[in-house]
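Please keep the structure in view while working through the numbered points.

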Amino acid sequence: MIGDANNQQEAERERRLRESTDDGEIISAAEYKRRSRRSFLSFGALGVAGYVGFNKLQNQEENERIPRLLRWGLERNDDVWSTLERDGASARTFDISDREEIRVNGMFGLESELPTDFAISMRVEGEEYAAVTPDDVRSLEGRDMVWEHKCVEGWANIVHWTGARFADFLAEYGPEKDDWEYISLRTPDEEYYVGIDRYTALHDQTLLAWALNGEDLRVEHGAPLRLATPFKYGIKQLKRVGIVEFTSTRPTDYWYERGYDWHAGF
Amino acid sequence: MSETIDDAEVASSDGSDESVTVEYVAQKKHSLALRWMHWINFPVLMVMMYSGMRIYWSDLREPYALGIGSWQIFEFWPDQVKSGLQLERKLAKGIAFHLNFGWFFVINGLAYMFFLSRKGEWRHIVPDLQAVKDSRRTVAHDLHLTKNKPVQGKYNPAQQVVYSIVIVMAALLVLSGFAIYKPGQLSWLEAAFGGYNYARFVHFSMTILLMLFFLVHVLQVVRAGWANFASMVTGYRLDRSDSAEVAPASAFGPNDLDAENRTGANTDGDTDSGSGSGARSGSSDDEMVRATVDEGSAS
């Protein structure tokens with residue numbers, strides 16, 4: 001007897017199940033040998049090619065600390081996401097009671113002493129056209145927003161920011177000619193710097209914040225003013241904004257130069 | 001080809017021991033498309049898991065261990081593993097590989113979905129209720145708890161159940177991945193997972209479960225033997241010409257139970273039909289007449 005059936009019902013079921021496997025072509029053992037040799041040779045060749053290719057990729061010349069091809073791929077990723085409809089996209093918001101303590105992860109650019117007459121230097125392509133004091137910014141309409149702050153390392157905290165919409169700040173203190181594509185944000189000592197695109201800068205949820213969880217920013221959180229946006233990882237949310245420069249070419253970025261995606265965004 | 005089958009026929013019909021010239025034939029089991037999609041998954045998932053682990057261990061202070069909240073079953077894995085595999089402080093490269101190679105998995109998965117639907121291949125995979133029930137018996141059989149094996153089509157009931165679950169898991173893996181990747185633009189997806197941390201948890205859990213599946217899968221492939229493994233490379237499965245693997249469906253079924261005693265002409269007729277469809281349909285008609293005893297069995 002053929003098959004695994006123990007009774008009539010199973011036997012009937014087995015025949016029905018086997019019907020779906022019937023259409024497979026049947027070849028002789030000799031023909032199988034020929035085809036099998038060819039298949040295994042291609043299989044082996046593809047395996048070796050894949051292994052060699054992957055090693056080549058890993059050891060490829062680097063573009064800002066990662067293999068060129070991977071860098072190229074990250075840029076294409078952003079092409080995909082910026083082509084897809086994203087107007088109106090907004091990050092989830094939470095209730096103020098959900099807010100948590102936020103981790104402090106980096107002190108780059110925060111070590112030096114801040115002068116008492118500190119003001120943000122506003123520049124267009126390297127030329128300063130205005131200086132904006134923290135009080136100027138605080139005179140703008142304040143907004144409270146609660147969202148999840150996400151670190152590129154994987155952790156996330158729900159935090160409550162208070163600040164002016166970056167778009168409001170730009171409307172008041174932005175350059176006369178509105179033809180910029182990017183903004184370079186830097187700490188006063190230029191130790192830490194990020195670049196953001198127009199979309200992020202003008203997004204409703206992007207703030208120039210002065211308070212975190214209801215308290216004025218402490219030094220480690222970026223006092224007196226920092227960038228806060230739920231559309232970028234923490235590495236892009238510059239603490240202690242000292243220089244705001246409008247550019248037509250994409251500005252560099254601290255972590256971009258160290259192998260990360262320039263966009264690092266959601 | 002027909003020559004081989006004739007030999008088999010002789011061997012089975014006379015039924016005596018001395019006729020043992022065992023002939024082998026091969027039957028097509030896996031299409032070229034299926035084999036490509038199957039094997040692409042292997043290196044792509046290796047790269048994804050490796051780069052994923054580099055991302056995972058970038059947060060050195062508090063590894064996201066298996067458990068809920070502060071209750072942890074264990075951490076993945078000992079420090080020696082992390083440093084040995086160069087998993088620490090490789091976040092940038094981890095992300096670069098992960099976000100590039102992920103697309104291969106997505107495209108491969110979409111191609112597979114198309115394949116499943118277009119060719120009706122899902123019928124081989126998706127179990128019916130009986131197969132779900134039978135899957136326990138497959139497991140018992142493979143653990144040598146019973147000799148009794150449930151009946152099956154292309155895949156056995158346990159394979160059907162597990163493969164179906166794995167497909168769903170892979171879909172969850174991709175979707176949770178997108179939720180983690182673009183929680184701004186795809187905030188609805190992030191919300192669908194119950195939030196960022198849950199999406200991460202799903203992503204991580206599915207990975208662990210896929211690894212476990214992979215281990216069992218490889219173990220089962222080793223157990224199933226070379227012909228089975230080779231079929232995923234060559235597309236053909238080499239078997240004895242008188243084995244169930246290459247027999248046509250009409251060789252199975254109620255008639256064979258009583259044919260056992262009679263060494264009936266029916267069995268031979270079935271073996272013959274392997275070479276031509278005309279013969280096959282003829283013999284199944286024959287069977288239908290005899291099968292009427294069993295109500296509703298003819299179909």
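1. An open sheet of three strands is built in the order β1(A)-β1(B)-β4(B), with antiparallel pairing. Here strands (E, at least two residues) and helices (H or I, at least four residues) are DSSP runs numbered from the N terminus, and two strands pair if DSSP finds at least two bridges between them. β1 of chain A and β4 (236-240) of chain B stand at the edges with a single partner strand each, so one side of each has no neighbour in the sheet. On average, neighbouring strands of this sheet are turned by 35° against each other, direction ignored. Axes are lines fitted to C-alpha atoms, for helices over the stretch in contact, and angles between N-to-C directions run from 0 to 180 degrees.

2. The model is predicted: local features need pLDDT of at least 70 and side-chain atom pairs count only at pLDDT 80 or more, whereas totals for chains, interfaces and linings use all residues. Residues are numbered from 1 along each chain as its sequence is written, and chains are lettered from A and ligands numbered from 1 in the order in which they are written.

3. How many bridges join β1 of chain A to β1 of chain B? Three bridges connect β1 (residues 26-28) of chain A with β1 (residues 24-28) of chain B, and the two strands run antiparallel. A:Ser28 has B:Val25 as its bridge partner, while A:Ile27 stands opposite B:Ala26. Helix α2 (residues 29-58) of chain A packs on this sheet, touching β1 of chain A as well as β1 and β4 of chain B. The direction of α2 makes about 95° with that of β1(A). Contact between two residues requires that their C-beta atoms, placed from the backbone, lie within 7 Å.

4. The two chains also deserve a wider view. In total, 65 residues of chain B are in contact with 61 residues of chain A. On the chain B side, helix α4 (residues 91-118) supplies the largest share, eight residues. That side divides into 32 nonpolar, 20 polar and 13 charged residues. In this classification Ala, Val, Leu, Ile, Met, Phe, Trp, Tyr, Cys and Pro count as nonpolar, Asp, Glu, Lys and Arg as charged, and the others, Gly among them, as polar.

5. α4(B) also packs against α7(B), at an angle of about 135° and with the axes 11 Å apart. That angle makes α4(B) oblique to α7(B) (angles under 35 degrees count as roughly parallel, over 145 as roughly antiparallel, 65 to 115 as roughly perpendicular and the rest as oblique). The contact is formed by B:Gly102, B:Phe105, B:Val106 and B:Gly109 of α4(B) with B:Ala170, B:Val174 and B:Gly177 of α7(B). By class these residues are four nonpolar, three polar and no charged.

6. The axes of helix α7 (residues 157-181) and helix α9 (residues 196-224) of chain B come within 8 Å and cross at roughly 145°. Their crossing is left-handed, a term used if the near helix is turned anticlockwise from the far one by less than a right angle, with clockwise giving right-handed. The contact of α7(B) with α9(B) has 14 nonpolar, four polar and one charged residues.

7. β4(A) and β5(A) form a hairpin with two residues between them, and A:Glu125 in the turn has a positive phi of about 45°. Four bridges join β4(A) to β13 (residues 243-247), and these strands run parallel, with A:Met122 partnered by A:Val244.

8. Some backbone details remain. A cis peptide bond, with omega of about 0°, joins A:Ala223 and A:Pro224; A:Pro224 is found in the loop between β11 (215-216) and β12 (226-228) of chain A.
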